[in-house]
Amino acid sequence: MSLSTALNIAQSSLLNTGIQTSVVSRNVMQEKNSDYSRRTAVLSSNAPGARVVVIHRATSEQLFRQNLSATSSWSAQSTLTGGLERLNLSVNGVDGAMNPAASIAELQKALQIYSASPSNRTLADNAVSAAQQVVRSLNEGAAAIQTFRVEADQEIAASITDLNALLAQFKDVNNEIVAGTRAGRDVNDALDQRDGLLKKISEYVPISTFNRGDNDMVIMTADGTTLFETVPRSVTFEPAPAYAPGATGNQIYIDGVPLQAGKGANTNSGGKLASLVQLRDSVAVTMQQQLDEVARGLISAFAETDPSGALPDAAGLFTWPGAPTVPDGGLLVNGLAGQISVNAAFVANSHLLRDGGANGTDYVHNADGGASYADLLLAYNERMDQPMDFDPLAGNGDKASLTGYASNSVGWFQGLRQDASRASDTKEALAVRTAEALSNDIGINVDMEMSSLLDLEHSYQASARLIQAVDDMLSALLAAVR
């Protein structure tokens, strides 16, 4: 080997070492960046010596797709779980203190105490007050549900604004990658940025991707709707300023195709948008319908009856805008929980609970005015524990007692919360594990990078010694010539 060849090899080695050291140093600097993929300087033989031909970016398409799917599922589940927690607090209160089942139990207790001493006006007033508390729990619960639905709409609108902004950013980055690939430029940083945007987009909707020529990427939703192809597709939604009970909310459209809501406590949806629609149009509506059915059951259970049986039942302690008629059994009346009230006649004269007659003398049961008469009070209590018909549309069965139906409604919602919470924990663990697996495969291991730096330092020292040796030889040759 000639001295000039040895010198060229040493110089090439120093140049390569400098580039490799720069790459490794940047890897170490980006160790905390979850969107950064490890870089490696790839060498190619170039006699004499070698040269860096490309900076390779670590990728794992399979793990990345798994992570996108897990992230989308967790986002949907955590959105559902968080919404259920907010709904529970606003409707049922802390520790369930405001739920109708608890209020009905207190009313039943007040009636039992009153029936033991039916001449006591204070106990009669307490029973009416307990009825007013039942009405408050229903009225406030119904109002809280409609407020929740409006807030869900607002959150959907804000999320869609964010999603459209992410898609606009994605377009810019994708264009940079395509142009850079065609020009032969290094686009690794832009690829990192694009992957980071994909992770954020997957939090809103479940996505799949494929690459075309020049690294151009197309994004599809889980149902095959195009979300991005050269340009972002439109994601639109019109929030409602208010909701009537039972009304269905407006659709979210992606490229003109409606987004399907999630189903189940362990939601089958991906992304937070589908879960928000599920909360708004499924969970909240079902909860409202069950409150409406409880309200209808109360009106029926406390309806005044004609002792002779000649007249139809009339709304008694609990009344509604359709009074004096009583709602049909087993038929849902949308919004009834927000409309039910305590009959003003009972507030003015609480002993009407004992005697009857709020709808006229034909409905009086204690005709003699006996102070110890308690048959009607006992009958009210019995009616609350007797089976009655409920509308199966409310999702809580079609036959139960009023107290059982109210308790089952609370149990249904609490069961939904618990199942959703468990599913959220499971999906979070999967998202974390796939992120860790992806990081282990394409991320930075500082120990390995520092070991590489040490190897590069040794390579630098060897090249420097070779140059020194060549310099010494040339000096000796020049000295000999002189």
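**Notebook: rings, a helix and a hairpin**

I searched the whole structure, a predicted model, for aromatic pairs and got five. I looked at Phe 170 and Phe 228 to begin with: the ring centres sit 4.9 Å apart with the planes at 75°, so I logged the pair as edge-to-face. Phe 170 belongs to helix α4 (residues 121–183) and Phe 228 to strand β5 (residues 226–229), so this contact ties together parts 58 residues apart in sequence. I checked burial too: Phe 170 is buried at 0% relative accessibility, and Phe 228 is buried with a relative accessible area of 0%.

Trp 412 comes out partly exposed at 24%, whereas Phe 413 is buried at 1%. I also noted a cluster, with ring pairs linking Phe 302, Phe 318 and Tyr 380. While on rings, I found Arg 149 over the face of Tyr 243, 4.3 Å from the ring centre.

Then I turned to helix α5 (residues 188–202). At 1.5 Å a residue its 15 residues should span 21 Å, and I get 21 Å between the end C-alpha atoms, which agrees. Twelve of the 15 residues are buried, so I have α5 down as largely enclosed by the rest of the structure.

Last, the hairpin. I see β3 (residues 207–211) and β4 (residues 217–221) pairing antiparallel over five bridges, with Phe 210 opposite Val 218 in β4. Five residues lie between the strands, and Asp 214 takes a positive phi near 65° in this hairpin.

Note on methods:
Residues numbered from 1 in each chain as written. Predicted model: local features only at pLDDT ≥ 70, side-chain atom pairs only at ≥ 80, totals over all residues. Heavy atoms only, no water. Pairing = 2+ DSSP bridges. Helix = DSSP H or I, 4+ residues; strand = E, 2+ residues; numbered from the N terminus. Expected span 1.5 Å × (residues − 1). Buried < 20%, exposed > 50% of the residue type's maximum accessible area, 1.4 Å probe, protein only. Phe/Tyr/Trp six-rings, centres within 6.5 Å; stacked < 30°, edge-to-face > 60°. Lys NZ or Arg CZ within 6 Å of the ring centre and 35° of its normal.
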